[in-house]
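Colleague: I am new to reading models of this kind. Could we go through some of the labels and see what each one rests on?

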Amino acid sequence: MTRYIDTYWNSIIYAKSCNEQHRVEMSHQIGVFLSDATEAIQKTLQTEGACIISSISGEDQYISFCRILGEIYAHRDSASNGITPVSHNQKQEKMPGFSGFSQDSLEFHTDRSTVETPPAFVALYSASPALAGGYSRLVDGAKLCSFLSKQDPDAFAFLTSSHRCIYDDSQFIYRGPLLYSTLNGKYGIRFRCDGNGYYSFNDLPIVARIINCARKFEHSLVLEKDQALIINNERWLHGRTAFQGDRSLLRILLKPGSWFSRGFEIENLNFIEAA
Ligand SMILES: [Fe+2]
């Protein structure tokens with residue numbers, strides 16, 4: 001039985017905008033047994049921060065593999081095994097912070113942005129793809145921050161300022177920089193603009209510029225059934241397009257294992273800071 005791992009570089013479906021026609025670039029796949037692919041997946045997550053794994057045999061194998069990558073992070077909405085089914089739930093969809101349980105589009109964000117140390121990884125396993133829509137949208141925060149530091153210093157300063165946002169989910173409150181230093185000298189990013197993210201009125205144009213800039217770096221893809229997307233939650237922002245049908249992604253949040261070094265580096269940052 002063969003399993004497949006598709007790294008970000010050779011499997012992702014690129015699109016400049018969700019309104020434009022999608023352009024598929026799928027050069028090759030690496031055929032490996034999943035149990036033998038751990039090292040390759042870890043290396044991809046460390047360097048690129050995003051990885052797609054195909055042909056997962058089901059929920060049990062998905063959980064087992066997540067446990068290899070790190071410790072499952074308990075969440076308000078998760079079951080005892082750590083899984084949160086992200087699917088349409090009419091009871092929850094209108095509550096602040098629960099927009100993931102609607103069929104609407106979701107703007108770019110990172111998960112658990114209210115807590116001091118967000119989970120290192122977000123894993124999403126496609127148990128049931130949408131009938132239509134439901135593209136996963138991804139933005140590499142390393143590229144976004146590098147671009148902003150050069151092209152929009154005010155927006156970059158906004159990200160690094162410690163008093164320009166309040167993220168409050170009624171359980172945790174975060175007031176601090178959106179682009180923060182990790183203990184190993186790298187950077188992590190957090191972001192949200194749903195009903196639990198608050199900004200000064202004067203800063204709203206900057207928030208809008210950051211979101212518009214993120215769209216320049218957007219990748220979008222449809223996770224096929226039994227594919228799992230794993231992203232570095234302190235580097236990649238994610239969202240989705242609206243969908244129809246019974247789309248269900250099984251989400252697991254993970255604290256990193258000892259193999260992983262948190263954060264990312266920002267190209268040319270010293271030059272920009274000096275300027
Ligand atoms: Fe999310």
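Colleague: Why is Phe108 called buried?

Modeller: This is a predicted model, and the label comes from a count made on it. Phe108 has 23 other C-beta atoms within 10 Å. A residue is buried if that count is 20 or more, so Phe108 with its 23 is buried.

Colleague: Where is Phe108 placed, and which residues is Phe108 in contact with, leaving aside its neighbours within four places in sequence?

Modeller: Phe108 is in strand β8. Its contacts, with those neighbours left aside, are Arg137, Val139, Phe191, Ile211, Ala214, Leu237, His238 and Gly239. Take Val139 as one of them. Phe108 and Val139 are 31 residues apart in sequence, and their C-alpha atoms are 7.8 Å apart in space.

Colleague: What makes Lys150 partly exposed?

Modeller: Lys150 has 15 C-beta neighbours inside 10 Å. Buried needs 20 or more and exposed needs 12 or fewer; 15 lies in between, so Lys150 counts as partly exposed. Lys150 belongs to helix α4. From Lys150 to Glu267 there are 117 residues in sequence and 9.8 Å in space, C-alpha to C-alpha.

Colleague: Which residues of α6 are buried, and what puts them on the same side?

Modeller: Ile206, Ile210 and Ala214 are the buried residues of α6. They cover an arc of only 85° around the axis, and therefore lie on the same side of α6. On the other side, Leu204, Pro205, Ala208 and Asn212 are exposed. The cover over the buried residues of α6 includes β8, β11, α4, α5 and β19.

Colleague: What about α5: which residues there are buried?

Modeller: In α5 the residues Ala155, Phe156, Phe158 and Leu159 are buried. Their arc around the axis is only 155°, which puts them on the same side of α5. Among the elements that cover them are α4, β14 and α6.

Colleague: Why are β13 and β16 said to stand at the edges?

Modeller: They belong to an open sheet of three strands in the order β13-β12-β16, with antiparallel pairing. β13 and β16 each have a single partner strand, so one side of each is left without a neighbour in the sheet.

Colleague: What makes β12 and β13 a pair?

Modeller: Two strands pair if there are at least two bridges between them. β12 and β13 have two bridges, in the antiparallel sense, so they meet that cut-off. Asp168 has Ile173 in β13 as its bridge partner.

Colleague: What makes β18 mostly covered?

Modeller: Five of the five residues of β18 are buried. Ala228, Ile230 and Asn232 point one way, while Leu229 and Ile231 point the other way. β18 also pairs with β5 in the antiparallel sense over four bridges, and Ala228 is the bridge partner of Ile53. Five bridges join β9 to β18, again antiparallel, with Ala123 opposite Ile230.

Colleague: Which residues touch the most other members of the largest nonpolar core?

Modeller: That core has 58 residues, and Ala123, Tyr125, Cys145, Ala228 and Leu254 touch the most other members. Strand β9 gives the most to this core, with six residues. Tyr125 is in contact with Ile56, Tyr62, Ala228, Leu249 and Leu250, leaving aside neighbours within four places in sequence. In soluble globular proteins, nonpolar side chains tend to be buried together.

Colleague: What is the predictor's confidence over the chain, and where does pLDDT stay under 50?

Modeller: The mean pLDDT of the protein chain is 83, and 83% of its residues reach 70 or more. pLDDT stays under 50 over residues 1-33, where the model has 58 contacts beyond four places in sequence. pLDDT also stays under 50 over residues 271-275, with two such contacts.

Note on methods:
Residues numbered from 1 in each chain as written. Predicted model: local features only at pLDDT ≥ 70, side-chain atom pairs only at ≥ 80, totals over all residues. Core = buried A, V, L, I, M, F, W, Y, C linked by C-beta atoms within 7 Å. Contact = placed C-beta atoms within 7 Å. Arc of directions from axis to C-beta. pLDDT = per-residue confidence, 0-100.
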